[in-house]
Amino acid sequence: MTRRFLFVLGSSRTEGNTELLARRAAEQLPADVEQQWLSLAEHPLPDFVDLRRDSDHVHPPTGSTPALFLDATLAATDIVIASPVYWYSVSGLTKRYLDYWSGWLRTPGLDFKATLAGCTLWGVTALADAEPSVADPLVGTLNNSAAYLGMRFGGVLLGNGSRRGDVLDDTEALARAKTFFAQDAPLARFPYQAA
């Protein structure tokens with residue numbers, strides 16, 4: 001099967017540390033691997049409205065931007081959430097994209113969960129703190145989302161940086177980026193399922 005990577009950029013600024021690190025990791029992918037890059041700042045999703053308690057339980061989001069992200073998500077074998085750590089988790093833009101997954105799960109005829117099952121979810125992030133455990137809530141959000149959908153989880157590539165370009169001085173992160181997407185991604189498990 002040909003792999004197709006979707007990179008979802010969740011930063012409010014372009015060419016920030018998270019994007020730079022994601023692009024360094026993507027440079028290592030084989031030439032025959034398709035890549036699609038979508039910026040949530042450049043293609044903002046409208047506010048997500050949770051209508052699960054309405055009488056028909058679902059109103060599929062309309063408009064070209066939700067359709068762009070839906071089509072790209074369904075076409076991907078590998079989804080990379082590239083979100084900086086904002087208040088110890090994913091950015092608001094990224095959270096809104098993940099909220100759309102809730103609506104897509106309930107859209108009749110879409111089979112969103114079945115389509116994503118077996119695909120791989122990855123994370124790339126930059127944080128300003130030197131202690132990697134500060135990113136644990138972000139890692140947990142992505143791992144648990146993957147576990148719920150029956151996806152594989154490749155983990156999160158962490159880099160350090162505050163000012164634009166700082167991550168390029170993080171030699172350990174750049175070294176990890178060279179092999180990040182080459183690792184085996186196990187089936188995601190919730191923490192309570194760990195052996």
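The model is a predicted one, so please read each distance below as a value computed from predicted atoms. As background, side chains of opposite charge can pair when their charged atoms come close.

Take Glu-34 and Arg-4, whose side chains meet in a salt bridge with 2.4 Å from N to O. This pair ties together distant parts of the chain, since Glu-34 sits in strand E2 and Arg-4 in strand E1, 30 residues apart. Glu-34 is partly exposed because its relative accessible area is 39%, a value in the range between 20% and 50%. Arg-4 is partly exposed too, at 23%.

Two other pairs are local to a helix. Arg-23 forms a salt bridge with Glu-19, and their closest N and O atoms are 2.9 Å apart. Both belong to helix H1, and because they are 4 residues apart there, about one helical turn separates them. How does the burial of the two partners read? Arg-23 is partly exposed at 34% relative accessible area, whereas Glu-19 is buried at 12%. In helix H3, Lys-95 and Asp-99 are likewise 4 residues apart, about one turn of the helix, and they form a salt bridge with the closest N and O atoms at 2.5 Å. Lys-95 is partly exposed at 41% relative accessibility, and Asp-99 is partly exposed at 23%.

Let us stay with helix H1 for a moment. Why is H1, residues 17–26, largely enclosed by the rest of the structure? The reason is that 7 of its 10 residues are buried. Besides Glu-19, the buried residues of H1 include Asn-17, Thr-18, Leu-21 and Ala-22. What they pack against is a list of both strands and helices: E1, E2 (34–39), E3, E4, E5 and helix H6 (171–177).

Now step back to the whole chain. The protein chain has 6 helices and 5 strands, and along the sequence they follow the pattern β-α-β-α-β-α-α-β-α-β-α. The C-alpha trace spans about 55 × 35 × 30 Å along its principal axes. A compact globule of 195 residues would have a radius of gyration near 16 Å, and because the chain has 16 Å, the two agree. Among contacts with a separation of 6 or more, 81% are between residues 24 or more positions apart. Buried residues make up 46% of the 195 residues.

Where do the nonpolar side chains gather? The largest nonpolar core holds 37 residues, of which Ile-79, Tyr-97, Trp-101, Trp-104 and Leu-121 touch the most other members. Several elements each supply at least two residues of this core, including strand E1 (4–9), helix H2 (64–75), helix H5 (136–149) and strand E5 (152–160). Apart from this core lies another, of 21 residues, among them Ala-22, Ala-173, Phe-180 and Phe-181.

The chain exposes about 10,000 Å², with carbon and sulfur atoms supplying 51% of it. On the surface, Tyr-86, Trp-87 and Tyr-88 form a nonpolar patch with about 420 Å² of accessible area together. Trp-87 lies in the loop between strand E3 (78–82) and helix H3 (92–105). With a relative accessible area of 78%, Trp-87 is exposed.

Key:
Residues numbered from 1 in each chain as written. Predicted model: local features only at pLDDT ≥ 70, side-chain atom pairs only at ≥ 80, totals over all residues. Heavy atoms only, no water. Patch = residues over 30% accessible without salt bridge, like charges linked within 9 Å, V, L, I, M, F, W, Y side chains within 5 Å. Areas by Shrake-Rupley, 256 points an atom, 1.4 Å probe, with all protein chains shown as cover. Salt bridge = Lys/Arg side-chain N within 4 Å of Asp/Glu carboxyl O. Buried < 20%, exposed > 50% of the residue type's maximum accessible area, 1.4 Å probe, protein only. Core = buried A, V, L, I, M, F, W, Y, C linked by side-chain atoms within 4.5 Å. Rg over C-alpha atoms; globule rule 2.2 N^0.38 Å. Contact = heavy atoms within 4.5 Å.
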